[in-house]
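This report describes selected local features of the structure shown below.

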Amino acid sequence: MRYLLSLLMVFVGSVGPVLAQTSYPMLMSIEPVAVQAGEVSEVAVNSRYSMHGSTTVFVSGEGVTAEVITDMTFPPDKDPPKLQKINLRITASEDAQLGVRDLRLLTPRGTSTLGQLVVVRDPVVYEIAKNNTAAEAQEVTLPATICGRIERAEDVDFFRFTGKAGARLVFHVRCMRLQDRIHDLQKHADPLIALRNASGTTIAVVDNHFAADPLMSVELPQDGEYLLEVRDVRYQGNTYWQYAIEVHDRPFVQTLFPLGVAAGQTGTVQPAGVNLPGDQTATVAAPAAVGTQVMELPLQFGDQPTNPVPVVISDLPLITESTDENNTPESAMPVSIPGGINGRISTDADIDCYRFTAKKGERFSFEVLAREFQSELDSNLRILNADGKRLTENDDLRRFRRTYADSGVENWAAPADGDYIIEIRDLHLRGGDTFPYFIKVTRAEPTFDLYLDTDKTQVFPGSCGVVFVNVVRKNGFQDAIDLAVDDMPTGMIAHCGRILPGRDSGCIVFQAHETAEPEMANVRITGSAIVGDDEEKITRVAAPYQETYQPGGGRGQWPVNWHTVAVGVAADVPRVTLSTYDISLKPGESKRIEVTLERAEGFDKNVQLDLQFRHLSRTYADPLPKGVSIDTKNSQTLLTAGATKGHITLTCAADSSPVEKQQAVVMANVSLNFVMKATYASEPLFVTVSAE
């Protein structure tokens with residue numbers, strides 16, 4: 001309790017009229033962006049908008065903790081400083097899994113957006129202020145993780161090290177991939193690295209490998225000094241373009257074959273990557289799992305674990321491509337359904353074919369897992385009849401809000417009794433050890449997947465916040481879905497709505513008690529429904545998405561691991577009050593809801609009222625019953641110049657079907673930039689469509 005009181009005092013001390021009309025922090029970069037396992041490190045976090053009053057820090061995964069070490073006190077007669085740079089102390093345990101972690105702060109304005117932090121094995125070296133020419137190259141000792149930033153146009157960073165003839169070094173760059181989840185970074189880096197000898201002669205240059213990030217493996221030709229050059233391939237720059245380059249002489253595993261391992265089992269795999277010793281195999285211990293999922297796991301390679309590598313963990317019966325020829329429909333390898341097919345496009349122009357038997361009208365779904373998880377395969381998937389005639393085909397698969405180079409065919413129906421062929425190839429007819437794949441093949445039964453529009457909900461004492469849950473319906477599923485929340489923060493309740501039959505969205509309204517303390521928690525949001533003729537209840541976990549600011553003002557979304565609910569202190573709109581919270585409409589009828597805002601002192605920005613989550617002309621979530629909409633001509637939804645009263649008129653189409661108490665919410669949206677909004681919410685509004 002003493003800790004909570006002191007925490008609240010820090011927050012309250014940083015709140016005042018100056019905080020009105022400001023945003024929660026949008027994290028832009030961490031410098032250095034890497035920390036060494038087994039060490040205590042200090043890093044700086046840069047953001048748009050103030051991080052003053054930051055207290056709690058979340059870091060994803062196990063073995064890494066963080067604390068704020070920047071002094072947050074200020075004279076009582078002064079306004080709090082606008083801190084857009086603060087320092088953290090990061091403690092990484094010796095056995096902390098290597099790789100990228102998410103990082104998030106709790107502030108008086110709620111939770112920040114996500115930042116990215118890399119945990120590495122070797123000592124971290126951060127670039128000095130002046131290393132822009134070969135003559136000024138910064139001395140480093142290998143192995144090391146070299147961190148820096150491509151901070152401005154035409155910036156070039158040089159690092160000098162000593163190497164031995166015959167040493168084979170790996171240079172693994174993380175830069176562009178660290179920027180995918182950064183909200184307000186519209187242009188991303190495209191890094192290039194070059195290795196030169198002491199006289200400046202180029203030994204190797206590498207651009208793209210993992211998307212725009214390079215991976216280079218080089219055998220040093222002689223003893224002596226070498227120069228590593230880092231720049232953007234376009235000679236562009238940005239103060240937030242941080243990079244981490246792991247340089248060592250150990251094996252680096254990119255992917256493995258087979259790519260899929262049985263859940264709860266230890267599998268033997270063939271690693272593929274660079275600096276690997278011959279044809280040595282490795283083992284991977286797969287944890288128990290339900291369904292099919294991908295985890296990053298280290299392999300046991302000799303007496304040391306490798307870098308973590310994506311592994312498909314599945315409870316399906318697994319099938320591994322045989323060594324026999326299977327390049328044509330006639331030589332297709334027989335498989336059974338359901339199952340998970342492990343294969344590899346092993347050479348250029350290789351084609352793999354698998355044969356299965358189906359009855360007329362039987363429905364199947366096929367999903368390729370490969371490119372998204374570090375395989376170099378850009379798959380093209382076709383379903384053929386026994387004579388090799390194409391029946392359906394897919395190149396790129398859309399999963400929720402994003403399109404991937406992996407392929408998928410959903411809910412395909414066999415046109416007749418007989419044999420059929422699954423054919424997979426690389427779109428560009430490439431192949432090799434780094435081209436494995438896993439094909440998830442299942443019977444297409446009614447089901448659904450859920451995703452969250454946004455990765456955070458901001459709530460303040462006595463107020464409400466909202467998250468929208470969207471559904472992707474599959475294989476004819478059209479029924480209602482009941483929503484639920486686990487792992488709630490203290491001092492808060494969740495009003496869980498539903499997704500109506502045939503509709504795409506529902507909402508959950510989080511309400512904080514008047515005495516709620518500052519806190520944040522990562523919640524687990526699920527949806528449950530009864531499906532199929534046998535009325536089986538299935539539950540799905542919703543996948544969170546963070547908003548990203550696209551060039552030109554578009555609203556992008558990137559999958560993340562957390563939806564964080566935070567109780568802050570300072571709200572520009574502490575209350576959104578409605579004249580009614582239960583409205584009943586007959587088909588063809590309209591009714592008006594009066595909306596009153598409580599504004600914080602000094603807050604006079606425009607506020608937009610809405611019941612749908614929208615950006616520009618696109619609707620991202622709409623929990624209202626089918627046929628119920630906002631009558632914009634008879635509504636006052638834009639409140640300007642400090643106005644506190646508006647109204648929304650709901651109208652019901654003449655052909656609307658009856659619905660009982662569908663949960664919705666009135667939002668008061670305040671623009672933070674052209675994409676992001678601070679969303680304040682009313683208590684739940686229940687909308688009923690009655691019969692004539």
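Ser365 is found in strand E32, which spans residues 363–369. The model is a predicted one. With a relative accessible area of 8%, Ser365 is buried, because the limit for that class is under 20%. The side chain of Ser365 makes a polar contact with the side chain of Glu410, at 3.0 Å.

## Aromatic pairs and a cluster

A pair of aromatic rings is described by the distance of the centres and the angle of the planes. The structure holds 18 aromatic pairs. One of them joins Phe356 and Trp412 in an edge-to-face arrangement, with 6.3 Å from centre to centre and 80° between the planes. This pair links distant parts of the chain: Phe356 belongs to strand E31 (residues 351–358) and Trp412 to strand E37 (residues 408–413), the two residues being 56 residues apart. Phe356 and Trp412 are both buried.

The rings of Phe364 and Phe366 have their centres 6.5 Å apart; their planes stand at 40°, so this pair is classed as tilted. Phe364 and Phe366 are likewise both buried. Which residues form one aromatic cluster? The members are Phe356, Phe364, Phe366, Trp412 and Tyr420.

## Charged groups over rings

Two arginine side chains illustrate a further kind of ring contact. The charged end of Arg344 sits over the ring of Phe257, at 4.4 Å from the ring centre. In the second case, the ring belongs to Tyr620, and the charged end of Arg555 sits over it, 4.3 Å from its centre.

Strands of a sheet pair through backbone hydrogen bonds, either parallel or antiparallel. Four strands form an open sheet in the order E1-E3-E6-E5, with antiparallel pairing. At its edges are strand E1 (26–31) and strand E5 (64–68), each of which pairs on one side only. From one strand to the next, the twist averages 35°.

Within this sheet, E5 and strand E6 (residues 85–92) pair in the antiparallel sense over five bridges. The bridge partner of Ala66 in E6 is Ile90.

## A mixed sheet of three strands

An open sheet of three strands has the order E21-E27-E24, and its pairing is mixed. Strand E21 (260–262) and strand E24 (292–297) stand at the edges; each has a single partner strand, so one side of each is left without a neighbour in the sheet. Neighbouring strands of this sheet are turned against each other by 40° on average, direction ignored.

E24 pairs with strand E27 (residues 309–314) in the antiparallel sense over six bridges. The partner of Gln293 across one of these bridges is Ile313 in E27.

## The two faces of strand E52

Strand E52 (residues 575–578) has a covered face made up of Val576 and Leu578, whereas Arg575 and Thr577 lie on the uncovered face. Four bridges join E52 to strand E54 (residues 590–598), and the two strands run antiparallel. Val576, on the covered face of E52, stands opposite Leu597 in E54.

Val173 lies in strand E14 (residues 168–174). Is Val173 buried or exposed? Its relative accessible area is 2%, so Val173 counts as buried. Not counting residues up to four places away in sequence, Val173 touches Pro191, Ile193, Asp213, Pro214, Ala244 and Ile245. Val173 and Gly465 are 292 residues apart in sequence, and their C-alpha atoms are 39 Å apart in space.

Gly491 is found in the loop between strand E43 (481–486) and strand E44 (492–496). Its relative accessibility is 25%, so Gly491 counts as partly exposed. Gly491 touches Gln511, Ala512, His513 and Ala516, again leaving out residues up to four places away in sequence. Between Gly491 and Ala691 there are 200 residues in sequence and 39 Å in space, C-alpha to C-alpha.

Conventions:
Residues numbered from 1 in each chain as written. Predicted model: local features only at pLDDT ≥ 70, side-chain atom pairs only at ≥ 80, totals over all residues. Heavy atoms only, no water. Phe/Tyr/Trp six-rings, centres within 6.5 Å; stacked < 30°, edge-to-face > 60°. Buried < 20%, exposed > 50% of the residue type's maximum accessible area, 1.4 Å probe, protein only. Lys NZ or Arg CZ within 6 Å of the ring centre and 35° of its normal. Polar contact = N/O pair within 3.5 Å; in protein donor to acceptor, adjacent residues only side chain to side chain. Pairing = 2+ DSSP bridges. Axes fitted to C-alpha atoms, helices over the stretch in contact; angles between N-to-C directions. Contact = heavy atoms within 4.5 Å.
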